[in-house]
There are 2 protein chains.
Amino acid sequence: MRTVGIIGLGLIGGSMAIDLKRRGFAQKVLGVERDSIAAEAAKTIGLVDEVVNYDACIQGADILVVAVPVSAAVKMVPDILDRMSPEQIVIDVCSTKSQVCHATQYHPRRGRFVSTHPMAGTEYSGPWAAQPGLFDGRACIFANSEESSPEALKAIEEMYGVLNMRPIYMNADQHDVHTAYVSHISHVTSFALALTVLDKEKDEKHIFDLASGGFSSTVRLAKSSADMWVPILTQNHDNILQVMDTYIGKMQAFRDAIATYDEDSIREMIDQANRIKKILR
Amino acid sequence: MRTVGIIGLGLIGGSMAIDLKRRGFAQKVLGVERDSIAAEAAKTIGLVDEVVNYDACIQGADILVVAVPVSAAVKMVPDILDRMSPEQIVIDVCSTKSQVCHATQYHPRRGRFVSTHPMAGTEYSGPWAAQPGLFDGRACIFANSEESSPEALKAIEEMYGVLNMRPIYMNADQHDVHTAYVSHISHVTSFALALTVLDKEKDEKHIFDLASGGFSSTVRLAKSSADMWVPILTQNHDNILQVMDTYIGKMQAFRDAIATYDEDSIREMIDQANRIKKILR
């Protein structure tokens with residue numbers, strides 16, 4: 001039976017801890033959490049069997065899960081590879097994949113690292129946000145999986161199988177292009193929307209009273225934490241800027257069509273946008 | 001007992017028909033639907049007791065609900081006021097309020113018109129999208145209600161009470177400013193997001209595979225129909241342009257901060273955006 005060590009007991013790390021233990025993949029789950037309030041909460045909630053320090057976690061776990069912001073992960077994964085034994089496996093669960101894959105590319109133990117992105121989450125963060133079943137039915141990206149040893153890859157595929165995730169294999173750089181479009185930009189548009197409304201509606205009661213379900217769902221991601229998103233937006237810099245430029249261009253086209261009462265153009269853009277119906281239920 | 005006539009059997013009109021009948025406010029519900037396929041569907045689903053023509057509806061109903069796109073409503077409400085008897089009441093349920101209120105302002109029967117905006121809906125349209133309970137617990141705006149006769153206003157307040165809506169009273173022009181911020185802009189940002197992603201991701205399978213829950217919720221409103229939204233965006237022209245300019249400015253500020261790796265500014269903007277947490281659950 002295995003011991004899984006989870007470094008970073010936030011939404012993702014905490015939710016993994018719950019299901020890996022409940023579903024019998026891990027006999028024991030160790031957790032590392034730098035923030036003392038979050039660590040205390042993780043203990044109280046019972047997310048993990050034991051909250052330990054970083055060194056003890058590396059010594060005690062068969063599989064190490066790095067679930068910290070991407071800026072920290074990029075240094076932590078090579079450090080763990082340096083220090084762990086050849087039988088251990090380390091994975092990351094970050095939202096950007098290029099930098100962590102580049103940082104480990106020539107490491108002599110590269111084979112024991114499996115770089116993944118379980119595409120699940122909510123706008124909430126911290127151990128309080130962890131929940132069972134978070135990953136069920138969602139996609140998990142394996143980035144540059146050919147650089148992992150077949151044995152390590154198989155063990156982690158099994159782990160995500162227990163979490164009921166659909167595996168998708170992808171080049172790390174390609175992953176970062178795609179997620180810029182289908183995840184990162186959504187967060188920026190939500191942040192900008194929240195700022196726009198908060199700027200204008202000084203009377204917060206109006207927002208509360210009038211917000212339609214549509215507004216709430218569009219602005220929901222604006223609740224996401226800076227600790228997670230500042231590193232993602234700077235790491236995926238090039239791709240995100242390209243998406244943002246395309247996006248700002250579309251907004252500008254809408255603006256111009258509305259400004260000139262060009263109903264045909266507005267209709268054409270909406271009809272085109274409606275094609276998203278065929279792809280997303 | 002009352003007969004309610006609903007002109008336009010789409011999402012809003014159809015959902016009203018269901019609950020006004022089920023909950024006993026209307027003894028009989030007449031419906032008018034110009035589109036023959038939608039009319040046939042409304043009959044098949046049993047949304048209304050009878051699908052009739054426009055003239056018959058005006059003759060047969062005690063309360064007339066105008067639930068057509070805002071560009072049509074602005075002509076239809078004065079026409080109904082011209083033709084109905086002094087005991088009847090007409091209401092509109094449009095998403096913009098200024099134009100319809102201005103168009104009826106000096107009508108000799110203005111008192112028999114109650115201008116409302118039940119703030120509920122989904123991204124789907126047509127009689128197929130109608131559902132019971134759509135309005136429960138949501139806000140209903142009464143615009144320029146001091147121009148309605150107390151008796152007509154009371155009857156319509158009672159009607160929305162049956163639909164379990166919270167009444168909010170507001171000047172029509174103010175309504176259009178607020179909804180530009182808490183509803184209309186969300187639709188434009190979703191349309192632009194869908195266009196951006198569809199432009200880039202020629203391979204639709206990637207969108208389907210990778211779309212996170214966050215992306216789906218941000219882009220959901222992009223499924224909304226051009227028939228409804230072209231008139232709203234052009235009618236609320238001035239307010240929407242102002243919101244869009246603020247919004248494009250916020251996006252540009254984000255872009256500049258990301259482009260220069262200015263982590264402090266990104267963090268500050270995200271922290272500010274997070275204030276939306278306090279207002280929306």
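Tutor: First a term: buried means under 20% relative accessible area, exposed over 50%, and partly exposed in between, with a 1.4 Å probe and protein chains only. This is a predicted model, where local features need pLDDT of at least 70 and side-chain atom pairs count only at pLDDT 80 or more, while totals for chains, interfaces and linings use all residues. Residues are numbered from 1 along each chain as its sequence is written, chains are lettered from A and ligands numbered from 1 in the order in which they are written, and side-chain values use heavy atoms, leaving out hydrogens and water.

Student: Thanks! Is A:R23 buried or partly exposed?
Tutor: A:R23 is partly exposed, because its relative accessible area is 33%.

Student: And which residue forms a salt bridge with A:R23?
Tutor: A:D136 does, with the closest N and O atoms 3.0 Å apart. A salt bridge here is a side-chain nitrogen of Lys or Arg within 4 Å of a carboxyl oxygen of Asp or Glu.

Student: Where do the two partners lie?
Tutor: A:D136 is in the loop between strand 6 and strand 7 of chain A, and A:R23 in the loop between helix 1 (11-22) and strand 2 (26-32), so the pair ties together parts 113 residues apart in sequence. Helices (H or I, at least four residues) and strands (E, at least two) are DSSP runs, numbered from the N terminus.

Student: Is A:R110 buried or exposed?
Tutor: A:R110 counts as buried, because its relative accessibility is 4%.

Student: New topic: how do helix 7 of chain A and helix 7 of chain B cross?
Tutor: Their axes come within 11 Å and cross at roughly 165°. That makes the two helices roughly antiparallel. Axes are lines fitted to C-alpha atoms, for helices over the stretch in contact, and angles run from 0 to 180 degrees between N-to-C directions. Angles under 35 degrees count as roughly parallel, over 145 as roughly antiparallel, 65 to 115 as roughly perpendicular and the rest as oblique.

Student: Last one: where does A:W128 lie?
Tutor: A:W128 sits in the loop between strand 6 (113-118) and strand 7 (139-143) of chain A. A:W128 counts as exposed, because its relative accessibility is 54%.
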